[in-house]
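I opened my notebook for a friendly look through this one, with the cut-offs kept beside each term. Here is what I looked up, entry by entry.

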Amino acid sequence: MAVIGIDPELQKSEEVADFLLFMLKEDRAPVPKPSIQQILLSKTRPGLNAQILISSITSRFEEAGIPTGPLAGGTPNVMENLIKVICEEIVSAIQSDMRIDIATDAGAIVSASGANAGGPVVAVGATTAPHTASGIAS
Amino acid sequence: MALQIPVSSPLTEAQAELTSKIGSMKSLLSIDIDTNLNIPKEDQISTYDYLIKVLRALGVEPEIVFNLFLDKIFDQAGTFLEEKVLDAVADSLGEKGIQLPNTNNPNATENQKSDYKESNKLYLRGVVPATFLQAVKQQIAKNLVIMIFGPKNGPSESLNSDPSERDRLVEEAVCGVNLFSISSDPIVKEENVEYNRIALRQQLEKGEVVFEVSCQDVKITLPEEPGFFFEGGGQFSQSSQLPTPSQSLQLAVEYVKNQAQNINNEQNSNSVGKSFNEILITKMLNYMSSLLFPFLGPIFSVVQSTPAGNGIDASSVAYSNCDIADTAGDSSQNPVEKQSFFKSLANALLKELLRLLLVLAVKEFKRLVANYFARTAIEKQRRRVEKLRQKFEIFKGVSDTASKAAKYAAAAAALVSILGQIPN
């Protein structure tokens, strides 16, 4: 054991790791926020499908050097089966259990039109309280 | 014995789900809780070891940093080493309760000592020229070679002609080995330390030093005329140019690499050269106090001229490695005071080494992260474009709201040449 110790101020291996991890996080490109048009067009999306997801993943096995299809001697490819189970369970959980909670800020512009005895009435205003909504993922 | 027919008891889906869930919950409970979360600082990997590990994971060999470090320490036009030596002397004097130029307070408190150290640093930097080691750096490097390779006599005479000084250097090398470790502390028994010292003394006196590099012992002997490390010529340098002390030490590394090649293949000799660089740096940090000892005169002529520093000389600040090693466990011998100069100097040099390693690691890590994100973004974009292109190829001319039959017809259109006309 060394007689003379390292200055505790120089014992920073954990801090070095934290700093490099911070850099990794900071340099990550943020996911762009979708535009209103993109969000509205989501209606045309087909929705999650476990089978399509499985085939997309297994089609990329080759990139990772994993064989596809039955193995030598006709052994079942357990990796494909595992992906099938994982995808089916995840998609099932998203479609059956996932809950989407939405909150909108107060201040959303509201315009309304109607009529009364005096004739047509047009009103413009803003919501005064935040509102909540819920949704399902499909 | 009667024939036993096994009972077939298939489980329903719910029964199978429950038993497998219980099994997985039990498995999770049996996994040990991660005990690596709260490792005390002193038990964690040393910063030096970790940075080397990070650099190697990044695919960068740290040799460039070792060379830069040597350049900085032995820079004959720079004052880095001089400043660190002055600070270490200031720390050592402060630890004795001396505040230059006038205060000598042997009963100083820890806070007072801390103040004295800072005050001494300012004072010494103001009165001692920061160039006091520039002319002797070549000799310091020569003495370092003697401390690493020995021998007491023979080839080393061309590096230092004073036999008593060579004796001192070898003695200091034996006592100084592993006084200060930049790596995580190995668990070594006291008797093993003693055995290692005896073995090292024999090797240094004989001039046949065994280094454990890349998990193998390599026996190195200084060349017949080691002066070529420092005077140019020889197989590694141009004879017309006098190498700098840092280059001379790199020539010594090359020499070790070359010697290793005699007993190894080319690939291993490279790794020996790389590992020996680390050994050289570690030994230099352990030996620096002893290497500087003969050259501290300009500082102590100033210190002795002050009322507080009267009677203080180099030997009462830069204690010998043997003295430090022998008194380490004896509190009546003031081990903290004796270690103060060595500790301050070694840690200051280590700090600079860590700074260089960290700067390189951050630079290389930033480059890796940038390349990684650029590559993954391109991949992602490429896949998305390819999917869109395929979709467009199939469904061009068909609106998103078209009927399923129309989409089917569009998708199958590419196969008309095989299937023939597909009826709607």
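**Entry 1: across the chains**

Which side chains meet in a salt bridge at 2.8 Å, N to O? I found Lys41(B) and Glu15(A). I use the term salt bridge for a side-chain nitrogen of Lys or Arg within 4 Å of a carboxyl oxygen of Asp or Glu. Side chains of opposite charge can pair when their charged atoms come close. Between chain A and chain B the count is one salt bridge.

A note on the ground rules: this is a predicted model, in which local features need pLDDT of at least 70 and side-chain atom pairs count only at pLDDT 80 or more, while totals for chains, interfaces and linings use all residues. Residues are numbered from 1 along each chain as its sequence is written, chains are lettered from A and ligands numbered from 1 in the order in which they are written, and side-chain values use heavy atoms, with hydrogens and water left out.

I then looked up the contact as a whole. Chain A gives 22 residues to the contact and chain B gives 32 residues, where contact means heavy atoms within 4.5 Å. The two chains, A and B, bury about 2,600 Å² between them, and 66% of that is on carbon and sulfur atoms. Buried area here is the accessible area (1.4 Å probe) that two parts lose on being put together, summed over both. I also noted 10 residue pairs in polar contact between chain A and chain B, both residues at pLDDT 80 or more. A polar contact is a pair of N or O atoms within 3.5 Å; within protein, one must be able to donate a hydrogen and the other to accept it, and residues adjacent in sequence count only if both atoms are side-chain atoms.

**Entry 2: a patch on chain A**

On the surface I found a nonpolar patch formed by Met79(A), Leu82(A), Ile86(A) and Ile90(A), with about 320 Å² of accessible area together. Patches are made of residues with over 30% relative accessible area and no salt bridge; like charges are joined within 9 Å, and nonpolar side chains (Val, Leu, Ile, Met, Phe, Trp, Tyr) within 5 Å. The areas come from the Shrake-Rupley method with a 1.4 Å probe, and for residues only the protein chains shown count as cover.

I placed Ile90(A) in helix H4 (residues 78–96) of chain A. Helices (H or I, at least four residues) and strands (E, at least two) are DSSP runs, numbered from the N terminus. Ile90(A) counts as partly exposed because its relative accessibility is 46%. Buried means under 20% relative accessible area, exposed over 50%, and partly exposed in between (1.4 Å probe, protein chains only).

**Entry 3: chain B in outline**

I listed 16 helices and four strands for chain B. Chain B has 424 residues, of which 43% count as buried. Its accessible surface comes to about 23,500 Å², with 53% belonging to carbon and sulfur atoms. Among contacts in chain B between residues at least 6 apart in sequence, 68% join residues at least 24 apart.

**Entry 4: Lys137(B)**

Is Lys137(B) buried or exposed? Lys137(B) counts as buried because its relative accessibility is 0%. I found Lys137(B) in helix H6 (residues 137–149) of chain B. Leaving aside neighbours within four places in sequence, Lys137(B) is in contact with residues including Ile73(B), Phe74(B), Asp75(B) and Pro245(B). Ile73(B) is 64 residues away from Lys137(B) in sequence, and the two are 8.8 Å apart in space, C-alpha to C-alpha. A polar atom of the Lys137(B) side chain lies 3.3 Å from the backbone oxygen of Gly78(B).

Asp91(B) counts as buried because its relative accessibility is 12%. Not counting residues up to four places away in sequence, Asp91(B) touches Lys117(B), Lys121(B), Ser340(B) and Ser344(B).

I also looked up Arg383(B) and Glu379(B), whose side chains meet in a salt bridge (3.9 Å, N to O). They are four residues apart in helix H14 of chain B, so about one helical turn separates them.
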